[in-house]
Amino acid sequence: MAQPLLARLREKRPDIKVDMLAPEWVAPVARRMPEVDDVITTPFRHGALNLRRRWQLGRTLKERRYRQAIVLPNSWKAALAPFLARIPLRSGYVGESRYGLLNRLYRKPDKAMRRHYARLAEAPDAEPRQPLPEVRLRVDTAHAAATRARFGIEGRYAVLCPGAEYGPAKRWPYFAELAARLKQPVVLLGSQNDVPSAEGIGGRNLVGSTTLDEAIDIIAGAELVVSNDSGLMHVAAALGRPLVALFGSSSPEKTPPQRGRSRVLWLKPECSPCYARECPLGHFRCMRELSVDRVVAAAAEL
């Protein structure tokens, strides 16, 4: 979602050095962004304040003499390290009343997350030039082939991503039926938390068995990817793979996959998007009524 911001910064100032401060779990994606020079990983758990470690991080950042920090998360905690590092220009949305911590404030968040972040490359009262830059992740062809060989993956295959970290309301329930109908052999990918979602689907089940780097290499060689609205969905789109993206409780108007070889399926019943972790009405129509036939037809059009 933030990569168009990085690309726009590069367009404006090709000479600048752009580093990314990121949690360890997402660092492999950041390292594959051609716009990023260096990735600094953070040790913080979600929700943890840990003032002492944030102060230490601030000292580390101060030594690098950054001229600007662009803070993407809306939390008060996320703005602490740049403030403690005394970075002169600290940009971001007001978020959790971050007056003082940030000194270049943006208001009126955009519903579409790519535009929302891309605005941070402009003055606070300006809109980003359209269209936004297309983004891609770097893949070393030989390294990716070696990764696939290590997992015994050869020839044509489709990748299915049956999980979604946010909750059951984002998980399409018919991946097993889809796996049985696809013409390609199936590889299942996801994190350790997605293991229950992959049970009984069939195919080569690598859910919870790969690093994120390895998953990216495997997706890079896929003939087709079918995914719920998840991080791997965005990875597949950024790799330019033929992608069918399945939306239920969330909205492709807010977090769509990158355009190109992506096809979004969203029934959009009157109760969607609700952004709930579980269906609050109990009927789960947004996903339950999205048929395997429709997904197969969308895959055939790619």
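Which residues does Val225 touch, leaving aside those up to four places away in sequence? The close-ups below start there, and they come from a predicted model.

**View 1. Val225 and its neighbours.** Not counting residues up to four places away in sequence, Val225 touches Val159, Cys161, Ile219, Ala236, Arg241, Pro242, Leu243 and Val244. Another nonpolar core lies apart from the largest one; this other core has 26 residues, including Tyr174, Val186, Ala198 and Val244.

**View 2. The largest nonpolar core.** Here you're looking at a group of 46 residues. Val225 is among those with the most contacts inside this core, along with Val159, Val187, Leu189, Ile218 and Ile219. Helix 10 gives the largest share, six residues. As a bit of background, nonpolar side chains in soluble globular proteins tend to be buried together.

**View 3. Helix 10, tucked inside.** Six of this helix's eight residues are buried, so helix 10 is largely enclosed by the rest of the structure. After the helix comes Gly240, which has a positive phi, near 75°.

**View 4. Helix 6 meets helix 9.** To describe two packed helices, you give the angle between their axes and the distance between the axes. For helix 6 (residues 141-150) and helix 9, the angle is about 100° and the axes are 9 Å apart. That's why the two helices count as roughly perpendicular to each other. On the helix 6 side, the contact is made by His143, Ala144, Thr147, Arg148 and Arg150. Helix 9 answers with Glu214, Asp217, Ile218 and Ala220. Sort the residues of this contact by class and you get three nonpolar, two polar and four charged.

View 5. Zoom in on strand 6 and strand 7 (residues 186-188): they pair in the parallel sense over three bridges. Leu160 has Leu188 of strand 7 as its bridge partner.

Technical notes:
Residues numbered from 1 in each chain as written. Predicted model: local features only at pLDDT ≥ 70, side-chain atom pairs only at ≥ 80, totals over all residues. Heavy atoms only, no water. Core = buried A, V, L, I, M, F, W, Y, C linked by side-chain atoms within 4.5 Å. Buried < 20%, exposed > 50% of the residue type's maximum accessible area, 1.4 Å probe, protein only. Helix = DSSP H or I, 4+ residues; strand = E, 2+ residues; numbered from the N terminus. Contact = heavy atoms within 4.5 Å. Axes fitted to C-alpha atoms, helices over the stretch in contact; angles between N-to-C directions. Parallel < 35°, antiparallel > 145°, perpendicular 65-115°, else oblique. Nonpolar A, V, L, I, M, F, W, Y, C, P; charged D, E, K, R; others polar. Pairing = 2+ DSSP bridges.
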